[in-house]
Number of protein chains: 2
Amino acid sequence: MKNTKLRLETCLSPALYPKHAHDENIVVVVDILRATSSICTALHNGVKRIIPVATVEEARTKKEEGFIVASERDGYVLDFADFGNSPFNFTAERVKDREIVYSTTNGTRCIHMASHSRAVVIGSFLNLTALTDWLLQQDAPVLIFCASWKDRFSLEDTVFAGALAEKLLESGKYETICDAVTASLDLWSLAKNDLNGYIQKAAQKGRLAAKGLDDCIEFCHQPDFTKVVPQFSGGDLIPVS
Amino acid sequence: MKNTKLRLETCLSPALYPKHAHDENIVVVVDILRATSSICTALHNGVKRIIPVATVEEARTKKEEGFIVASERDGYVLDFADFGNSPFNFTAERVKDREIVYSTTNGTRCIHMASHSRAVVIGSFLNLTALTDWLLQQDAPVLIFCASWKDRFSLEDTVFAGALAEKLLESGKYETICDAVTASLDLWSLAKNDLNGYIQKAAQKGRLAAKGLDDCIEFCHQPDFTKVVPQFSGGDLIPVS
């Protein structure tokens with residue numbers, strides 16, 4: 001019987017990732033508004049695979065090769081893309097059994113940054129319980145990696161990190177000496193009883209509202225919409241097997 | 001009469017500083033455990049000036065030139081230094097009217113990083129009200145710059161950032177769209193009624209305790225021990241005039 005617990009850490013920004021990177025980590029990439037919520041929705045609705053690409057140039061090349069492309073920067077759909085980054089775009093009618101190339105301002109970059117790790121999976125409120133259950137079946141340290149916004153601290157990603165950390169620590173399998181985990185737990189404790197009310201003060205809410213893109217915020221904070229756990233595997237995002 | 005408010009932001013780590021740097025900022029450097037608490041204590045006890053140096057090599061050179069040197073790395077006093085980084089070292093008997101060269105793991109580096117700014121001042125619970133009053137007399141955006149620990153998010157620095165942000169926002173002169181400010185305010189709201197109890201869970205508390213250096217934690221969270229506001233001016237830390 002093991003008497004040591006597994007390490008749990010939270011990284012609050014891609015700029016801090018080098019301080020948290022360990023090859024043995026399972027990394028949970030989090031970009032609640034909206035990349036990781038959209039990826040969970042897309043796989044829930046039957047997308048065969050998502051190919052995350054980090055740059056606009058890669059997305060354009062893939063479009064020329066015939067792929068469906070979901071891509072935006074700063075909330076604006078790129079001119080060559082089929083649609084943007086709202087989870088409402090990824091309807092079953094549109095995406096079932098299709099392959100989609102996906103590139104966003106923050107989220108897809110983190111997936112590639114963490115690709116050296118033991119595993120990279122996608123977290124959102126939409127798959128919180130399924131993700132927790134899958135993580136608890138593994139036997140590895142976990143890093144919750146907040147995509148944030150242009151490297152700045154992001155409230156909604158951190159609150160989600162607290163929700164996930166609470167579940168993992170309650171299992172008794174994990175321990176932490178990471179202040180970012182501690183802070184995320186406290187922020188989640190303030191947010192959990194009225195999550196949609198709490199998240200109204202997030203800066204990203206204002207940025208999305210200014211572009212008319214805030215219609216999905218309530219949906220993105222809905223726990224357990226799906227049982228799908230997307231994993232980055234062989235260059236693609238597919239459900240964990 | 002102006003109808004625009006001044007920008008207030010919080011930077012949670014030196015690794016995030018490039019996202020917050022503006023030449024017109026007044027930057028408040030914060031390293032509660034223990035650099036900025038010690039700097040406030042030293043100037044309160046009559047140090048003539050503190051010369052913050054970023055590297056061990058600079059500190060050693062200054063020692064050879066005859067200066068008193070307070071310097072440590074990771075909580076260990078450097079072999080050539082006169083003493084380390086505890087505020088209790090900077091007694092009036094030892095430091096009054098003296099010039100002290102000072103170098104620490106995190107804090108002094110931030111002072112130099114921010115030196116392009118309109119002003120760089122030193123913040124701690126020890127000078128919270130005096131610092132607030134001085135900032136409110138200026139007419140400039142404020143960046144609260146948490147020194148953190150080796151670029152990682154630090155709970156005690158962020159809680160202080162919330163305490164200062166609360167006072168500045170209550171004045172009505174400032175506004176913010178920075179999620180790091182929002183989170184710091186919420187953490188401060190949880191901590192303020194029992195600050196010493198709350199801060200026990202900070203990772204730096206454990207790191208200091210492991211080296212027997214945690215005797216100063218309660219002192220470092222004592223509001224308004226002094227009216228001194230240290231400012232970085234001409235390469236030295238001296239009280240604001």
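Asp236(B) is buried in this predicted model, at 13% relative accessibility. Buried here means under 20% relative accessible area, exposed means over 50%, and partly exposed lies in between (1.4 Å probe, protein chains only). Asp236(B) forms a salt bridge with Arg49(B), with 2.8 Å between the closest N and O atoms. A salt bridge requires a side-chain nitrogen of Lys or Arg within 4 Å of a carboxyl oxygen of Asp or Glu. Asp236(B) lies in strand S11 (residues 236–239) of chain B and Arg49(B) in strand S3 (residues 49–52) of chain B, so the pair ties together parts 187 residues apart in sequence. Helices (H or I, at least four residues) and strands (E, at least two) are DSSP runs, numbered from the N terminus. Arg49(B) is partly exposed, at 22% relative accessibility. Salt bridges that share partners also join Lys19(A), Arg109(B) and Asp151(B) into one network.

The model is predicted: local features need pLDDT of at least 70, side-chain atom pairs count only at pLDDT 80 or more, and totals for chains, interfaces and linings use all residues. Residues are numbered from 1 along each chain as its sequence is written, chains are lettered from A and ligands numbered from 1 in the order in which they are written, and side-chain values use heavy atoms, leaving out hydrogens and water.

Over all chains, the salt bridges number 26. In chain A, Arg49(A) forms one with Asp236(A), and the closest N and O atoms are 2.8 Å apart. This pair links distant parts of the chain, with Arg49(A) in strand S3 (residues 49–52) and Asp236(A) in strand S11 (residues 236–239), 187 residues apart. Asp236(A) is buried, with a relative accessible area of 13%. Arg49(A) is partly exposed, at 23% relative accessibility. Lys205(A) forms a salt bridge with Asp214(A), where the closest N and O atoms are 3.9 Å apart. Asp214(A) is partly exposed, with a relative accessible area of 28%.

A rotation of 180 degrees with 0.0 Å of shift along its axis superposes chain B on chain A, with an RMSD of 0.0 Å. The two copies are thus related as by a two-fold rotation axis. In chain B, the C-alpha nearest the axis belongs to Ala15(B), 3.1 Å from it. Superposition was by least squares on the C-alpha atoms of residues with pLDDT of at least 70 in both copies. Of the interface residues of chain B, 100% are also interface residues in chain A, so the copies meet through the same surface.

Phe83(A) and Phe90(A) form an edge-to-face pair, 5.3 Å centre to centre with 90 degrees between the planes. Rings of Phe, Tyr and Trp (its six-membered ring) pair if their centres lie within 6.5 Å; planes under 30 degrees apart count as stacked, over 60 as edge-to-face and the rest as tilted. Phe83(A) is buried, with a relative accessible area of 7%. Phe90(A) is buried, at 1% relative accessibility. In chain B, Phe90(B) and Tyr102(B) form an edge-to-face pair, 5.6 Å centre to centre with 85 degrees between the planes. Phe90(B) sits in the loop between strand S5 (76–77) and helix H3 (92–95), and Tyr102(B) in strand S6 (residues 99–103), 12 residues apart. Phe90(B) is buried, with a relative accessible area of 1%. Tyr102(B) is buried, at 1% relative accessibility. In chain A, Phe83(A), Phe90(A) and Tyr102(A) form one aromatic cluster.

Strand S7 (residues 119–123) of chain B is mostly covered, with 5 of its 5 residues buried. Both faces are covered: Ala119(B), Val121(B) and Gly123(B) are buried on one side, Val120(B) and Ile122(B) on the other. Strand S2 (residues 26–30) of chain B runs parallel to S7(B), joined to it by 5 bridges. Strands pair if DSSP finds at least two bridges between them. Val29(B) has Ile122(B) as its bridge partner in S7(B).

Asn25(A) lies in the loop between strand S1 (6–11) and strand S2 (26–30) of chain A. Asn25(A) is buried, with a relative accessible area of 2%. Asn25(A) and Pro141(A) are 116 residues apart in sequence but 5.1 Å apart in space, C-alpha to C-alpha. Beyond residues up to four places away in sequence, Asn25(A) touches residues including Arg7(A), His20(A), Ser117(A) and Pro141(A). Contact means heavy atoms within 4.5 Å.
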